Every structure is written in structure tokens, then in C-alpha cells.
Amino acid sequence: MSEPATCERCGERFGCGVADGDCWCARVPVSEAVRGELARDYRDCLCPTCLRDLASGVRSIRPTH
């Protein structure tokens, strides 16, 4: 069962399945360069939107409503 988490980048709440061994984030293609940036800039989980944005080169945070 997914655990509730809060995105370190935007503050959005989302489900993290890392404890289940099958989190959605493992299926997002992220280059090694971006992985290095993420490891440098963040210590905790990112929501699906932020991870996909950063993986595709989007650096500004989209408003959440």
C-alpha cells in the first residue's frame, strides 16, 4: 500500500510505493545527469508531476490548485 508523502519541490501530497518495492517513480525515465541533479538538490521524494517535469527539462514550478 502506498504511503502518503509530500513533494519536497512543490508541497503536493502523493502516494509513495517505495516500501512496497514497486513505486511509480521507478518507471519514470530519468537520465544520469538529471539523477545527479536530483541527488544534489533534493533529499526526499518528488511528486509525479515534479519528477516528470525535471526529467524532461522543465525547471519552473507549475502552480498547483
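Tutor: A residue is called buried under 20% relative accessible area, exposed over 50%, and partly exposed in between, with a 1.4 Å probe and protein chains only. The model is predicted, so local features need pLDDT of at least 70 and side-chain atom pairs count only at pLDDT 80 or more, whereas totals for chains, interfaces and linings use all residues. Residues are numbered from 1 along each chain as its sequence is written, and side-chain values use heavy atoms, leaving out hydrogens and water.

Student: Is S60 buried or exposed?
Tutor: S60 lies in the segment after helix 2; helices (H or I, at least four residues) and strands (E, at least two) are DSSP runs, numbered from the N terminus. Its relative accessible area is 52%. Since exposed means over 50%, S60 is exposed.

Student: How are the planes of the rings of F14 and W24 arranged?
Tutor: A search of the whole structure finds 1 aromatic pair. Rings of Phe, Tyr and Trp (its six-membered ring) pair if their centres lie within 6.5 Å, and planes under 30 degrees apart count as stacked, over 60 as edge-to-face and the rest as tilted. The centres of the F14 and W24 rings are 6.1 Å apart and their planes stand at 80°, so the pair is edge-to-face.

Student: Which parts of the chain does this pair link?
Tutor: Both F14 and W24 are buried. The two residues are 10 residues apart and link distant parts of the chain: F14 belongs to strand 2, and W24 to the loop between strand 2 and helix 1.

Student: Which residues of the lining lie nearest the centre of the largest pocket?
Tutor: A pocket, on a 1 Å grid over the protein atoms alone, is an open set of points where a 1.4 Å probe fits, with protein on both sides within 12 Å along at least five of seven lines; lining residues have an atom within 4 Å of a point. Helix 1 gives the most to this lining, with 3 residues. Of the 16 lining residues, those nearest the centre are C25, L38, D44, L46 and L51.
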